[in-house]
Amino acid sequence: PFDVLVVGGGPAGAAAAIYAARKGIRTGIVAERFGGQVLDTMAIENFISVSHTEGPKLAAHLEQHVKDYDVDIMNLQKAAKLIPADRPGGLATVELENGASLKAKTVILSTGARWRQMNVPGEDEYRNRGVAYCPHCDGPLYKGKRVAVIGGGNSGVEAAIDLAGLASHVTLIEYDSQLRADAVLQRKLYSLLNVTVVTSALTTEVHGNGERVIGLTYKDRNSEDTHLVELEGIFVQIGLVPNTEWLTDSVALTQRGEIEIDHRGHTSIEGVFAAGDATTVPYKQIVIAMGQGSAAALSAFDYLIRQVPE
Ligand code: FAD
């Protein structure tokens with residue numbers, strides 16, 4: 001069996017695997033797609049100490065760093081079920097979709113999350129070329145430009161307030177007849193002079209010039225009229241969905257599907273830890289996922305050294 005089995009090969013999982021392997025314990029990592037969300041991005045400018053890198057490059061570096069150690073990498077494998085140990089100090093089982101099952105003394109869950117997409121024409125084509133999902137990451141690229149934020153929940157309104165300080169103009173588009181964000185955020189939003197709020201609006205298309213985004217079309221749900229907004233950037237903020245569907249009958253999840261953890265990365269199950277975007281950690285970012293992955297591995301090690309051989 002593994003001493004530490006990491007499920008998920010993004011920044012959190014890679015950090016966890018490296019920290020575990022450096023303790024000289026038997027470590028494995030299962031990933032549906034090694035690199036995780038990092039593979040879907042281009043410019044990364046907030047990976048501290050590296051002024052600029054690109055997603056695929058960082059993903060390759062993550063994999064190379066893990067390979068520097070004796071880690072059993074099982075890439076392109078999807079975990080389907082977690083069966084907790086049947087007694088304290090026992091072995092947990094992770095069943096893979098391919099039918100294999102892996103045993104481990106500790107498990108670190110780091111299966112990340114995915115941004116909910118609008119699923120409209122142009123969105124895929126212009127991803128990272130005007131269509132963005134993370135204001136903390138890509139906001140500064142739109143300094144002095146016109147942007148839209150899609151979604152009027154807390155994250156959309158927070159993004160609009162954030163972007164209003166950088167962009168020349170922000171259009172916030174909400175599907176519902178009213179915003180769903182906290183009142184205090186809405187008050188702040190409406191106090192900003194360079195923000196336009198459009199409610200009862202459905203975004204129907206992203207327009208580009210072959211190179212970059214140049215606008216979007218939305219439909220007014222009351223009048224059915226369509227409107228074109230000329231802009232350079234679109235931030236989609238309609239939800240971040242944790243990849244935890246496979247865990248619903250094992251660890252405790254929040255209503256939104258996030259794995260509940262404490263500040264050491266413990267989940268509701270002894271010997272099972274979690275890190276990164278799949279968890280309740282606030283602020284879903286690469287450096288944060290890495291920090292948490294490292295902490296989860298150290299917590300797993302801490303747990304292992306307290307186990308008395310039978
Ligand atoms: P993920 O990166 O989501 O990795 C999850 C891993 O788990 C993947 O390997 C996945 O294949 C695997 N997995 C999922 N389900 C299973 C399963 N059932 N079985 C096995 N494996 C599974 N952050 C920044 O700090 N700076 C940026 O500039 C930045 N830009 C971004 C741009 C885009 C377009 C996106 C989408 C995100 C961006 N982020 C950025 C956010 C950042 O990518 C995430 O916070 C970070 O990748 C989270 O790491 P993670 O390891 O928790 O999860």
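I began with an open sheet of 3 strands in this predicted model, ordered E14-E15-E16 with antiparallel pairing. For the labels, I took helices (H or I, at least four residues) and strands (E, at least two) as DSSP runs, numbered from the N terminus. I called two strands paired if DSSP finds at least two bridges between them. E14 and strand E16 (226-230) are the edge strands, each pairing on one side only. On average, neighbouring strands here are turned by 25° against each other, direction ignored.

Next I went through the pairs. Strand E14 (residues 201-208) and strand E15 (residues 213-220) run antiparallel, joined by 7 bridges, and I found Ala 201 opposite Asp 220 in E15. The two form a hairpin with 4 residues between them, and Gly 210 in the turn has a positive phi of about 95°. E15 and E16 are also antiparallel, with 5 bridges; there Lys 219 stands opposite Thr 226.

Residues are numbered from 1 along each chain as its sequence is written, and side-chain values use heavy atoms, with hydrogens and water left out. As the model is predicted, local features need pLDDT of at least 70 and side-chain atom pairs count only at pLDDT 80 or more, while totals for chains, interfaces and linings use all residues.

Then I checked confidence. The mean pLDDT (the predictor's confidence in each residue, from 0 to 100) is 97 for the protein, and 100% of its residues reach 70 or more. The scores are ipTM 0.99 and pTM 0.94.

My next stop was an open sheet of 5 strands, with parallel pairing in the order E10-E17-E11-E12-E13. Strand E10 (131-132) and strand E13 (195-198) stand at the edges with a single partner strand each, so one side of each is left without a neighbour in the sheet. Helix H4 (residues 154-164) packs on this sheet, touching strand E11 (146-150), E12, E13 and strand E17 (233-236); contact means heavy atoms within 4.5 Å. The direction of H4 makes about 170° with that of E12. Axes are lines fitted to C-alpha atoms, for helices over the stretch in contact, and angles run from 0 to 180 degrees between N-to-C directions. Strand E12 (residues 169-173) runs parallel to E13, joined by 4 bridges, and Leu 172 has Val 197 as its bridge partner in E13.
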